Structures are given as structure tokens and as C-alpha cells.
Amino acid sequence: YIEFVRSQDQVSFVGSTVRMIEYYGGVSEFISPDNLKSGVIKPDLWDPQLNRAFAEMAEHYGTFIDPCRVARATDKAKVERFVPVARELFRMLKELYPTAGLRELNEHALRWCREEYGTREHGTTGVPPIQAFQEERPTLKALPEERFVVPEWKRCPVHSGDQFLTFHKMRFSLPARWRGQQVWARYAAPILDLYDDAYQLIRQYVINSGERRYWKPEDFPAGTREMMNGGYPRWIVEQARAYGREAVALL
């Protein structure tokens with residue numbers, strides 16, 4: 001399986017893994033990724049720290065993530081040798097189809113995998129890869145009924161002044177006790193979930209297109225709420241009534 005991408009961030013990497021699983025039509029018992037940050041945040045032989053989106057994907061499909069050991073080329077075996085092959089394939093396809101977009105190039109790449117590379121006799125096994133795959137395919141676990149929606153996880157600081165955090169150039173409020181702290185934001189359109197460090201849900205927002213600020217009135221005192229609503233002058237005049245008509249007139 002080959003997929004050309006413009007980025008290797010967490011959403012792109014996990015999305016590619018999902019499409020690979022769907023292409024194979026089943027799920028293997030385990031997946032052994034290299035230790036790129038989009039998959040493995042902190043390598044460790046016994047307890048690697050996985051990217052949250054990657055871990056969620058593995059749980060959804062019922063597969064075990066077993067990262068390759070650092071500086072152990074034997075863990076990746078001959079798969080690593082396929083990287084320059086894929087690079088040369090991209091260059092060849094760009095020459096053959098100069099106006100093709102990324103989607104079309106990926107279609108040509110998968111066709112090459114099936115019809116050319118997959119039908120050649122493998123140097124080690126002596127069996128064409130497509131034949132070996134067809135023999136082993138029944139051992140794959142069935143795909144779940146629902147497709148995994150790739151979320152984006154991000155660490156976000158809550159501003160100490162206005163108790164808002166910024167995510168994708170949008171602002172979201174939290175209660176005052178979260179000022180100056182950091183929380184985890186998990187976005188799977190159109191839902192944004194905010195978690196503490198123990199991954200306990202703090203707040204959930206439904207994002208609507210066009211809106212740039214989201215806040216809950218109960219997060220702020222009455223005066224601040226009125227100021228944010230644009231009704232602060234009216235509110236402060238009402239407060240002045242407790243001091244008499246002269247105070248109202250003065251304001």
C-alpha cells in the first residue's frame with residue numbers, strides 16, 4: 001500500500017492508516033509503526049507513549065500498536081527498503097501525469113501496487129506479494145461497522161486574563177478556575193471536547209461555521225456577561241438605581 005500525502009501530522013498519518021486498513025479489507029493483530037511523532041510521542045520498549053488519535057484508532061479497530069525499537073533496523077526488516085521505491089514511483093508518475101492531482105496520483109500508485117509490484121516474484125519469499133496476501137487475507141479481523149473518524153488532539157493554554165483558549169483561530173471559554181492552566185482539546189468535526197490531564201471531560205462545544213467565539217454565561221460574573229453581550233451600559237445604569245435617581249442621571 002502506498003499513499004502520497006502533503007503532510008505527516010497526526011490527522012494525516014492516522015487517516016492514512018485508516019485508509020490502508022480499509023484497502024486491505026481487514027485488520028491485522030498488530031501494527032508496527034516507526035517512531036514518528038504523529039504515531040509515537042515517546043518511544044519506550046515497555047510502555048511507549050502513543051499519539052492519542054493513533055491510540056484511539058487502534059482501539060476502534062481492535063489492533064495492537066507495537067512500535068519498532070529505536071535504532072533496530074531489523075524490526076522494520078525489508079519494509080524500509082520500499083521507501084526509495086515509493087519515492088521513485090512518485091517521480092515517475094509525476095512525469096507520466098504532469099497535470100494529475102494528489103488523488104489521481106494515489107489511484108495510479110495503488111494500481112501499480114496491485115498490477116505491477118504485486119505480481120512480481122518476491123526476492124525473499126519467491127511468491128508474488130498479491131498471492132501471499134490472498135492466502136493470508138482470511139486471517140485478518142473484520143472491519144467494524146462504523147468508520148473511524150480521525151480526531152485532532154492539541155494541548156491548549158487557557159488565558160489567565162480572560163479564561164478563553166484558542167483552537168483553530170476560534171476562542172472557547174472555561175470556568176475561572178482553569179485560568180492559566182492547560183487542557184487537552186479533541187476535535188472531531190463538528191464536536192470539540194475539552195479534557196483535563198486525567199482525560200476527564202470538562203466541556204463540549206458544537207462548532208458552527210462562521211462563529212469565532214464560544215462561551216458559557218455561567219463561566220463569568222454578571223457584569224462581565226453583560227459586557228460580552230454588549231449590554232454593559234444598560235446593566236451598569238440598572239445597578240445605579242440602588243443609589244438613587246441622581247446616580248442614574250449621572251451615569
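This is a predicted model: local features need pLDDT of at least 70, side-chain atom pairs count only at pLDDT 80 or more; totals for chains, interfaces and linings use all residues.
With a relative accessible area of 7%, Thr17 counts as buried, because the cut-off for burial is under 20%. Beyond its neighbours within four places in sequence, Thr17 is in contact with Ile31, Phe54 and Met57.

The protein as a whole has nine helices and 11 strands. Its radius of gyration is 26 Å, whereas the globule rule gives 18 Å for 251 residues, so the protein is more spread out than a compact globule. Along the principal axes, the C-alpha atoms fill a box of roughly 95 × 45 × 35 Å. Of the 251 residues, 33% are buried. The accessible surface is about 16,200 Å², and carbon and sulfur atoms account for 52% of that surface. Among contacts between residues at least 6 apart in sequence, 52% link residues at least 24 apart.

One part of the fold is an open sheet of four strands, ordered β5-β8-β9-β10 and paired antiparallel. Its edges are β5 (152-157) and β10 (201-206); each has a single partner strand, so one side of each is left without a neighbour in the sheet. On average, neighbouring strands of this sheet are turned by 25° against each other, direction ignored.

Technical notes:
Residues are numbered from 1 along each chain as its sequence is written. Side-chain values use heavy atoms; hydrogens and water are left out. Two strands pair if DSSP finds at least two bridges between them. Helices (H or I, at least four residues) and strands (E, at least two) are DSSP runs, numbered from the N terminus. Axes are lines fitted to C-alpha atoms, for helices over the stretch in contact, and angles run from 0 to 180 degrees between N-to-C directions. Buried means under 20% relative accessible area, exposed over 50%, partly exposed in between (1.4 Å probe, protein chains only). Contact means heavy atoms within 4.5 Å. The radius of gyration is taken over C-alpha atoms; the globule rule is 2.2 Å times the number of residues to the power 0.38. Accessible areas come from the Shrake-Rupley method with a 1.4 Å probe; for residues, only the protein chains shown count as cover.
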